[in-house]
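Let us read a few features of a fold together, taking the general idea before each case. Please keep the sequence and the structure open as we go.

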Amino acid sequence: MAEYLQEVSRTFNEFLFLPNLTKKDCILSNVNMKTPLVKFRKGESSAIELNTPFVSSIMQSVSNDTLAIALAKMGGVSFIFGSQPIENQVEMVKAVKGFKAGFVESGSNLSVNDTLKDVLAKKREFGFSTMGVTEDGTSTGKLLGIVTGRDYRVDYDASTKKVEDFMVPFAKLITATIGISLREANDIIWENKLNCLPVIDKNQNLQYLVFRKDYDGHKENPFAALDSDKRLIVGGGINTRDYKERVPALLDAGVDVLCVDSSDGHSEWQKETIEYVKQQFGEKVFVGGGNIVDKEGFAYMVSAGADFVKVGVGGGSICITREQKGIGRGQASSLIEVAKARDEHYEKTGVYIPLCSDGGITRDYQMALALAMGADFLMMGRYFARFDESPTEKLMFEGSYVKEYWGEGSNRARNWERYDMGDEEQGLKFEEGVDSFVPYAGKLKDNLEVTIAKIKSTMCSCGSLSLSELRSKARLVLLSSASIVEGGAHDVAVKKVGS
Ligand code: IMP
């Protein structure tokens, strides 16, 4: 006979915090959200710690290099999607690891034979007015000059005028050589009243541009997720099919942490994959496993050697797994049970396995709930898909800007490896995800700052200055449907913006 659990499957939406005493030192600037990413022993600390407890989903429509850079600057980590050829994923990882605050790869470039018309076209296309002029017109070709908006007059100069005739030629440029620090580069910029300093290698090939306006860039990101060489931290998604080729390639590219991407992690294929990574590359290579929803799944991931465990099946905003297969569990119930198992495991063995709550967050306060229920960090797709830095198109839809967001199990992504059941016949047999739009929300940094302020406020109301304090002090209550109505604006006519 089938086993029936007594407990109802619950979601974040059904819970609320009760406020605790807020002491005078409980202010936003005193709250620390530092959190471990990978397992560690009692008395030690995690080899990777995040200042912001967020990671972005292993999805085509979410985690590319651009989003990874923006998120790592803010203290979180992206897991670059694995449902792409290995060499493309490797390029994205390299782009994040190669990113140097303030050192910008020249986004649009010219060759000497281009004309003013080409300059104006590139300016329109890329939005930059400073362009490198290189021998082959690429961003790393031999530097021959620079064109800025001050080198031509649109109404006066002929559109056929050659770049060669109005660029600032190399002989007149002040340049720096690769290896220079941002501080040194800025000293040169200030001493010479420059707007832009080209950085070249020993063969005069263009490497970066440093702009005056980026001077404060590194100070703006005091919480950035950095490795021991001060490079941004980045993760990579892997699957249970091509890991023997993908993992070494990602490690060569400098990836900091891996995660097996699977809709159902409680499987022998997943165990084999994690064990392979650990046996082949040792304990210093970190790999997370999942997704699971109960203590049995957690124990299985731990026995495989997972460095963190991802919790959640069927709760993602684009997910239709529960409708298609009838498999899953409310995200709150999953997290509460798995967190208990994690704490018992820690008690028994002295090894702490961080938990990642994956999917289903629709409001900022639910992030605080997930953290209070035992998640060490949160994986989100919809949240990040809305920002400028996500890889998808920004479109106008029914009068508002939106961005595209599609599930890995949709026909659009066709990431069959994520839903692999080990069959010889490969491919997606039916969809487990949808293709959708999400409201466009602007820059990641602007949004994250507000979200972080909200979570810190919740923590202060709960009298907590750290995530571990939140976990131990939080008092949570289940909501009736009537109290959910009471929680929103009610019995008033809400004014629309602009009215
Ligand atoms: P969201 O933050 O609620 O949008 O959920 C994102 C999470 O949904 C991801 O991190 C994945 O775990 C999961 N996911 C991604 N694509 C699919 C899909 O096509 N079907 C089901 N779940 C998905």
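**Helices, a sheet and a ligand shell**

A: In this predicted model, Ile 86, Gln 89, Val 90, Val 93, Lys 94 and Lys 97 of α2 meet Glu 245, Arg 246, Ala 249, Leu 250 and Ala 253 of α6, where contact requires C-beta atoms, placed from the backbone, within 7 Å, and where helices (H or I, at least four residues) and strands (E, at least two) are DSSP runs numbered from the N terminus. Residues are numbered from 1 along each chain as its sequence is written. Because the model is predicted, local features need pLDDT of at least 70 and side-chain atom pairs count only at pLDDT 80 or more, whereas totals for chains, interfaces and linings use all residues.

Q: At what angle do α2 and α6 pack, and how far apart are their axes?

A: Two packed helices are described by the angle between their axes and the distance between the axes. Helix α2 (residues 86-97) and helix α6 (residues 243-253) pack at about 20°, with axes 9 Å apart, the axes being lines fitted to C-alpha atoms over the stretch in contact and the angles running from 0 to 180 degrees between N-to-C directions. α2 is therefore roughly parallel to α6, given that angles under 35 degrees count as roughly parallel, over 145 as roughly antiparallel, 65 to 115 as roughly perpendicular and the rest as oblique.

Q: How do the axes of α11 and α13 cross?

A: The axes of helix α11 (residues 364-372) and helix α13 (residues 444-461) come within 9 Å and cross at roughly 50°, which means that α11 is oblique to α13. On the α11 side the contact is made by Asp 364, Tyr 365, Met 367 and Ala 368, and on the α13 side by Thr 451, Lys 454, Ile 455, Thr 458 and Met 459.

Q: In what order do the four strands of the open sheet run?

A: Strands of a sheet pair through backbone hydrogen bonds, either parallel or antiparallel. Here the order is β8-β9-β10-β11, with mixed pairing, and two strands pair if DSSP finds at least two bridges between them. The edge strands, each pairing on one side only, are β8 (109-110) and β11 (168-169). β8 runs parallel to β9 (residues 131-134), joined by two bridges, and Leu 110 stands opposite Val 133 of β9.

Q: How many residues surround the ligand, and which are the closest?

A: The shell holds 23 residues, the closest being Gly 316, Gly 381, Gly 407, Gly 409 and Gly 433, where a residue is near if its C-beta atom, placed from the backbone, lies within 6 Å. β21 (377-380) and α12 (382-385) each supply at least two residues of this shell.

Notes: Two residues are in contact if their C-beta atoms, placed from the backbone, lie within 7 Å.
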